[in-house]
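Welcome! Take a moment to turn the model around on your screen, and then let us walk through it together.

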Amino acid sequence: MPARIKPPPSNPFRFGRIVSGDAFTDREADLLVLERELRGGQNILIEAPRRFGKTSLILEVKRRLQAAGIPVAYLDCMLVPSRARLADRLASAYLDAFRSPAQRAEDWVVQHLKTFRVRPTLTIDDHGHAQLSFEAGSAGTPNLDALLEQLFEEPEAIARTSKRKRVVVILDEFQDLMELGATLLRQLRAVIQHQQHVSYALLGSRQALLRKAVHERSAPLLKMARPYPLGPLPREDFAAFLMARFRTSGRPVPKEVVYGLIDFTGAHPNDTQEAAHFLWEVALLPLTVPELVATAVDRVLDAEAAQMTVLWHDSAPAQRNLLVALVEWGGRNIYSEDYRRRANLGAATTVQRAVRTLVERELVDLEPSGAYIIKERFFEEWIRRRVVRGEL
Ligand SMILES: Nc1ncnc2c1ncn2[C@@H]1O[C@H](COP(=O)(O)OP(=O)(O)OP(=O)(O)O)[C@@H](O)[C@H]1O
Ligand SMILES: [Mg+2]
């Protein structure tokens with residue numbers, strides 16, 4: 001009889017997309033607060049840098065709320081290119097979330113959307129997934145405005161008739177709605193500020209737009225939600241999670257290597273998992289602790305080379321000079337004559353312009369300490385290794 005061949009272990013580290021189940025770790029304290037607040041009717045604003053785990057976290061909250069009998073609608077606003085499409089997507093998200101399992105999609109539409117000026121078309125794809133569309137684009141602007149308003153009002157009507165008198169609406173990357181016209185979020189505010197039975201979870205990461213959407217004095221959603229900043233994962237817990245996954249997949253590594261990675265990434269969830277993913281590939285090689293860390297990071301830089309090169313290409317010469325200066329000389333006092341001379345940056349106005357553009361492009365940030373930093377740890381390292389040191 002042929003010997004049973006064990007399948008090779010697969011890489012247990014996931015990055016770049018939503019994680020759930022045993023690939024999702026910790027955040028228990030966040031989950032408790034968010035679930036409690038949304039159940040209690042409090043709107044929440046979750047703000048965090050890109051790839052910090054916002055979506056994974058809120059989808060876990062969604063599962064818990066649903067398990068407690070509260071309907072939850074989820075919409076990723078990043079994928080909504082126009083207001084007409086927003087109407088379709090919102091209606092489809094409501095249909096998904098607010099229809100009872102026993103109810104037919106047709107019945108739900110008739111029950112809830114029959115008073116709408118523009119009637120939706122219902123399509124059901126091969127997987128049984130129902131979608132609505134309004135052809136609202138062709139109906140013209142006044143109609144589209146009215147339609148969106150009706151849609152914004154709909155969750156309250158649904159909540160009033162629901163068993164728990166509560167529904168939750170999640171708008172992921174909601175700041176992107178700012179790009180669909182100046183009035184859209186004002187319209188949303190006008191409606192949701194009167195709603196008693198709907199809790200909104202707003203998730204965002206693009207700071208320039210978030211400022212305009214929620215923080216500035218004239219922002220449409222100013223003070224509409226409890227700010228809930230999301231931090232990196234706790235160092236110890238994250239390390240234990242990673243080590244366990246190396247061990248159970250048959251490639252244990254010394255804990256110093258895992259801490260080395262976490263220190264490198266600052267416990268950024270996605271960056272750390274990505275580095276761990278590449279560390280796993282080399283974990284069986286006879287390398288020292290620092291070599292393992294450096295090799296894993298190098299593999300990430302190779303894998304991300306195309307993206308890094310685009311970021312670099314899209315930077316004008318003054319921006320490139322400044323990026324290199326931040327790597328070589330740090331981000332303090334960058335306008336001082338001494339700094340500019342040392343880093344060969346030219347006039348202070350040139351530096352100011354470069355900083356402004358890099359901040360707008362979300363590549364550079366001003367820390368509360370007053371220092372400028374490159375936001376993406378791997379981009380910073382790519383500049384250090386490939387540009388400053390000229391390593392290939
Ligand atoms: N709680 C967690 N446990 C383990 N890994 C996590 C956790 N949260 C996030 N990650 C890591 O971060 C990655 C990105 O997660 P997610 O897509 O949820 O973040 P996001 O903030 O919504 O990102 P984006 O800015 O792209 O929308 C995941 O693929 C995973 O590697
Ligand atoms: Mg996300």
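Which residue in S6 is the bridge partner of Val 169? The answer is Tyr 200.

**The whole chain**

Please keep in mind that this is a predicted model. The protein chain has 392 residues, and 36% of them count as buried. Its C-alpha trace spans about 75 × 65 × 35 Å along the principal axes.

The chain is divided into domain 1 (27–229), domain 2 (235–303) and domain 3 (306–388). Between the centres of domain 1 and domain 3, taken over C-alpha atoms, there are 37 Å.

**The sheet**

Now look for an open sheet of 5 strands, whose order is S2-S5-S6-S1-S7 and whose pairing is parallel. Strand S2 (72–76) and strand S7 (226–229) are at the edges, and each has a single partner strand, so one side of each lacks a neighbour in the sheet. On average, neighbouring strands of this sheet are turned by 15° against each other, direction ignored.

What holds such strands side by side? Strands of a sheet pair through backbone hydrogen bonds, and the pairing can be parallel or antiparallel.

| Strand pair | Bridges | Direction | Opposite residues, including |
|---|---|---|---|
| S2 and S5 | 5 bridges | parallel | Tyr 74 and Ile 170 |
| S5 and S6 | 6 bridges | parallel | Asp 172 and Leu 203 |
| S1 and S6 | 4 bridges | parallel | Leu 45 and Leu 202 |

Strand S1 covers residues 44–47, and strand S6 covers residues 198–204. Another pair to look for is Glu 47, which stands opposite Gly 204 in S6.

Are the residues of strand S5 (residues 167–172) buried or exposed? All 6 of the 6 are buried, so strand S5 is largely enclosed by the rest of the structure. In a regular strand, the side chains alternate between the two faces of the sheet. You can follow this along S5: Val 167, Val 169 and Leu 171 point one way, while Val 168, Ile 170 and Asp 172 point the other way, and all are buried.

**Two lysines in loops**

Next, a detail of the backbone. Most residues other than glycine have a negative phi. Lys 165, although not a glycine, has a positive phi of about 55°. Lys 165 sits in the loop between helix H5 (141–161) and S5. It counts as exposed because it has 12 C-beta neighbours inside 10 Å, and a residue with 12 or fewer is called exposed.

Lys 223 also has a positive phi of about 55° without being a glycine. Its place is the loop between helix H7 (207–215) and S7. With 11 other C-beta atoms within 10 Å, Lys 223 is exposed.

**Around the ligand**

Finally, let us visit ligand 1. How many residues surround ligand 1? There are 22, and the closest are Gly 53, Thr 55, Ser 56, Pro 269 and Gln 273. The elements giving two or more residues to this shell are helix H2 (54–67) and helix H10 (269–282). Sorted by class, the shell has 7 nonpolar, 8 polar and 7 charged residues.

Which domains does the shell draw on? At least three residues come from each of domain 1 (27–229) and domain 2 (235–303).

Notes
Residues numbered from 1 in each chain as written. Chains lettered and ligands numbered in written order. Predicted model: local features only at pLDDT ≥ 70, side-chain atom pairs only at ≥ 80, totals over all residues. Near = placed C-beta within 6 Å. Nonpolar A, V, L, I, M, F, W, Y, C, P; charged D, E, K, R; others polar. Domains from an automatic or database assignment. Pairing = 2+ DSSP bridges. Axes fitted to C-alpha atoms, helices over the stretch in contact; angles between N-to-C directions. Buried ≥ 20, exposed ≤ 12 C-beta atoms within 10 Å, placed from the backbone.
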